[in-house]
Amino acid sequence: GTWIGKMDALGKKTEWRGKTGKVIQYSAKLGAFMLENDFGYKGEAVKRLKGLAKLVSASRKIFKLGKFLKHFEDIDDIVEEKEYNGLMWMDFIMNMAKDLTENFETITKYGFVPKSYGIVSGFAADQIADFTKMCQCFVSFFVTLIEIGRMNKKIERCDDSSKCKKLHLKCSFLYWAQIKYFTDGMKCAASLGYSWAPNKRWAMVCGLLAGIADARKQTLKNWDKGGKGYQPSIDPYLL
């Protein structure tokens, strides 16, 4: 009913495109890198793959404008949280900051405002966005650890088969979220040039894995809409 809810509902329609787009983007980047560096090929295919990666990257960033609005939905759950209230508020703040800094990068990079606006205290907008996202991934990774622990306790106590399936589904969603947060965090660390971060090749691999995990998360999130006969896997990562 509220304008935030209406804007959020509109934004959700682009989620699947953004997540599958990430897989396409990093597949193209990695493909171009391997052709150029492993096979010494610098022909038309490399140019096309690089162009595709840039085009999809721009599309994904523009699709995510206003994405920060969806986090307002989490406030009621955070207020009700008793045991880890501080950590949940930190996760909320970092997710908001991540989306806002990514939007800031988008509007300065793609001509919404002059590019000169994208420098803050000597740091470029993309550096600010990568650092914020890296920190958000670190916090969210630990939040999912807590949620997985809680979900496993619910599964142990569950004696209703249909309810257990839904709990396994949610648990699997959280495991894929962990993969996404870890790989996305490492990719951002590589972009920032930290010595402990992966090199360029493995940063692209991390980006690709994060895209696959994110797309898988979205699939699991919507499974109930057509998941008749669904049986959870023993291994949550392969679900």
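1. Throughout this note, a salt bridge is a side-chain nitrogen of Lys or Arg within 4 Å of a carboxyl oxygen of Asp or Glu. With that in hand, take D184 and K180: their side chains form one at 3.3 Å, N to O. Both sit in helix α7 (residues 161–191), 4 residues apart, about one turn of the helix. Helices here are DSSP runs of H or I with at least four residues, strands are runs of E with at least two, and both are numbered from the N terminus. D184 and K180 are also both buried, where buried means under 20% relative accessible area, exposed means over 50%, and partly exposed is in between (1.4 Å probe, protein chains only). Salt bridges with shared partners link K22, K64, E102, K133, K180 and D184 into one network.

2. Some ground rules before going on. This is a predicted model, in which local features need pLDDT of at least 70 and side-chain atom pairs count only at pLDDT 80 or more, while totals for chains, interfaces and linings use all residues. Residues are numbered from 1 along each chain as its sequence is written, and side-chain values use heavy atoms, with hydrogens and water left out.

3. The overall layout: 8 helices and 2 strands, running α-α-α-α-α-β-β-α-α-α along the sequence. The protein has 239 residues, and 40% of them count as buried. The accessible surface is about 14,000 Å², with 62% of it belonging to carbon and sulfur atoms; these areas come from the Shrake-Rupley method with a 1.4 Å probe, and for residues only the protein chains shown count as cover.

4. On contacts (heavy atoms within 4.5 Å), consider the pairs of residues at least 6 apart in sequence: 71% of those contacts join residues at least 24 apart. I212 belongs to helix α8 (residues 200–221) and is partly exposed, at 40% relative accessible area.

5. Back to charge pairs, of which the structure holds 15 salt bridges in total. K64 and E102 make one of them, at 3.4 Å, N to O. K64 is in the loop between α3 (44–63) and α4, and E102 is in helix α5 (residues 85–109), so this pair ties together parts that are 38 residues apart in sequence. E102 is buried, at 12% relative accessibility.

6. Another to check is K98 with D99, whose side chains meet in a salt bridge at 3.0 Å, N to O. What is the setting of K98 and D99, buried or exposed? Both are buried. K98 turns up again among the contacts of T132, which, leaving aside neighbours within four places in sequence, touches M94, A97, K98 and T101. T132 itself is in helix α6 (residues 125–157) and is buried, with a relative accessible area of 10%.

7. Now the surface patches. They are made of residues with over 30% relative accessible area and no salt bridge, joining like charges within 9 Å and nonpolar side chains (Val, Leu, Ile, Met, Phe, Trp, Tyr) within 5 Å. For charge, Lys and Arg count as positive and Asp and Glu as negative, with His and the chain ends not counted; each charge is placed at NZ of Lys, CZ of Arg, CG of Asp or CD of Glu.

8. The positive patch gathers K153, K154, R157, K163, K166 and K170, and the elements giving two or more residues to it are α6 and α7. K154, from helix α6, is partly exposed at 43% relative accessibility. The negative patch is formed by D74, D76, D77 and E80. E80 is in helix α4 (residues 75–80) and is exposed, at 58% relative accessible area.

9. There is a nonpolar surface patch too: M34, F39 and Y41, with about 320 Å² of accessible area together. M34 lies in helix α2 (residues 15–37) and is partly exposed, at 32% relative accessibility.

10. Last, a backbone point. Most residues other than glycine have a negative phi. S121 is not a glycine, yet its phi is positive, at about 55°. S121 is in the loop between β1 (119–120) and β2 (123–124) and counts as exposed, at 71% relative accessibility.
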